[in-house]
Amino acid sequence: MLAAVRSAALVGIDAYDVTVEVDAAQGLPQWTIVGLAASAVKESRERVGAALVNSGFKVPPRRITVNLAPADIRKEGTAFDLPIAIGILVATGQLDASSIARRMFVGELGLDGVLRTMRGALSIARHALRAGVATLVLPAPNVAEAARVSALDLSAPHALSDLVRELHEGSLTRARDDSNSSAPTADTTDFGDVIGQQGAKRALEVAAAGGHNVLLVGPPGAGKTMLARRMPTILPALSEEEALEVIAIHSVAGVLARSSVSEGARPFRAPHHSISSAGLIGGGSLPRPGEVSLAHHGVLFLDEMLEFPRHVLDGLRQPMEDAKVVIARAAQAVTYPARFTLIGASNPCPCGKAADPSGTCTCSAADVERYNARISGPLADRIDMHVTVGAVALRDLSRGNNGDSSASIRSRVERARAAQRKRYARKHGISCNAYAVGRWLDAETPVHAGARTLLQTAAERLGLSARGYHRVLKVARTIADLEDLSEIAPAHIAEALRYRPRSDPGAIPVGAEAPVSD
């Protein structure tokens, strides 16, 4: 007898239909799983067999063939355990085929038949809704995630025996999400905690308002990490669409349970400098999202940025420009979104005391040059804002802080972002100034004549690259948005120029022939 059970699998953060076909024929007892199944899928025959027996069902001594269609796409993960078990019960006559019509089954089985959590539940739920599935059957731990697709009926039985009993009865118990995952958690950090560092706070406010990348340079203990960890507290709240994208990525990566994104918080990722290129960008023999994708719509913080291997840092260049990562393999290419705000923190020299008035730097000029060269010119050119963070005097630490709180800064950031959403309403995929096309911004937004003259003069004297020229314009546009002004003034250009590195890498005189820059 032949059975066909509807299921789904993942490619990147998207899901696609998989039909689990099971044939229980006469012959020598054996199990065969075909359809480009990975090792974890092939091992399901041991889990499913034990789960069926321990749940009180019979596994007749037959030749069982399981096909995962389409057979030309590699299948990974353990979510096929449940549909394989259901298919065997239908193929051996222990379950009626009509009971599984218009239903999709996903989930891992324990040896006792209990349904265990799986990866990518949100992506599968979104696909099931589009595909016209009436009910998605999945493990209970994944209900909170899948329930964000509110129009889809979910069923989350505790064990295989419970599911089969309900299928025999003709109705499935509808799962309810009893969690409070939609309520964002309260911020435990605040910019009001930071004493001094008004210049760095201002720079991070500009960065948050326009989505700009920042490099904080200062001696140890100056507060670079403290500032960076407060960046998410001044970013606008995630929209519903953004939240679904972020949760889908973390679910596919298998880290949703350990992160706070399911509670509405923007991602904040801070990998160690020993991370590999695949860990940061994504990849591996079985492609997984990297830290740049896990930071999608959030912050990627690289503490001690110059300690990262140079080839690992250079892998950031394309994601910073394209806001996505494409991992190409011989069989297929997988795309993960990666629209993040990069915050790097580094010391000014190997000993860290070059800018510390209380210490004496022991580094030679050659040592400092080699140390700073760990960030390549093209990567430094993609960082919009280079900010010097000085040490705070010890006598100031005991004084009260009169700086703005995160809430007051966030209100200004949200107002600036609202202006940018209106400006780019007709440009798909652009929501902030950092991702706008530089030439379009130069031509379509009002720039005061004095501001344009100042920018052109500074570009020639500083040797700005074509990309650097447009990045200064983007930062100036953000500063004007914070002041709720439609026209970029000379003061906005002057402030934006302060954030460029003194020696702009990859310089091409602005008036000369230059490649098209975004």
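A: We may begin with one residue of this predicted model. Beyond its neighbours within four places in sequence, Met231 is in contact with Phe191, Leu204, Ala207, Ala208, Val299, Thr341 and Ile343.

Q: Which members of the largest nonpolar core touch the most other members?

A: In soluble globular proteins, nonpolar side chains tend to be buried together. Here the largest nonpolar core has 45 residues, and those touching the most other members are Met231, Ile343, Met385, Val387 and Ile493. Another core, of 39 residues, lies apart from it; Val41, Ala51, Ile64 and Ile84 are among its members.

Q: How many aromatic pairs are there, and how is such a pair described?

A: The description of a pair of aromatic rings rests on the distance of the centres and the angle of the planes. In this model there are two aromatic pairs. One joins Phe268 and Phe301: the ring centres are 6.0 Å apart and the planes stand at 35°, so this pair is tilted. Phe268 belongs to strand β11 (residues 268-269) and Phe301 to strand β14 (residues 299-302), so the pair ties together parts 33 residues apart in sequence.

Q: Are Phe268 and Phe301 buried or partly exposed?

A: Phe268 has 23% relative accessibility and counts as partly exposed, whereas Phe301, with a relative accessible area of 1%, is buried.

Q: What is the geometry of the pair formed by Tyr424 and Trp440?

A: Tyr424 and Trp440 are 5.7 Å apart from centre to centre, with 55° between the planes, and the pair is tilted. Tyr424 is in the loop between α16 (406-423) and α17 (438-444), while Trp440 is in helix α17, so the pair links parts 16 residues apart in sequence. Tyr424 is buried at 1% relative accessibility; Trp440, at 24%, is partly exposed.

Q: Which charged residues lie over the face of a tyrosine ring?

A: Arg339 lies over the face of Tyr435, 4.2 Å from the ring centre. Arg498 lies over the face of Tyr499, at 5.7 Å from the ring centre.

Q: Finally, at what angle do helices α4 and α9 pack?

A: An angle is read together with the separation of the axes. Helix α4 (residues 121-130) and helix α9 (residues 240-253) pack at about 120°, their axes being 7 Å apart. The two helices are therefore oblique to each other. On the α4 side, Ala121, Leu122, Ser123 and Arg126 take part, meeting Leu244, Glu245, Ile247, Ala248, Ser251 and Val252 of α9.

Methods
Residues numbered from 1 in each chain as written. Predicted model: local features only at pLDDT ≥ 70, side-chain atom pairs only at ≥ 80, totals over all residues. Heavy atoms only, no water. Core = buried A, V, L, I, M, F, W, Y, C linked by side-chain atoms within 4.5 Å. Buried < 20%, exposed > 50% of the residue type's maximum accessible area, 1.4 Å probe, protein only. Contact = heavy atoms within 4.5 Å. Phe/Tyr/Trp six-rings, centres within 6.5 Å; stacked < 30°, edge-to-face > 60°. Helix = DSSP H or I, 4+ residues; strand = E, 2+ residues; numbered from the N terminus. Lys NZ or Arg CZ within 6 Å of the ring centre and 35° of its normal. Axes fitted to C-alpha atoms, helices over the stretch in contact; angles between N-to-C directions. Parallel < 35°, antiparallel > 145°, perpendicular 65-115°, else oblique.
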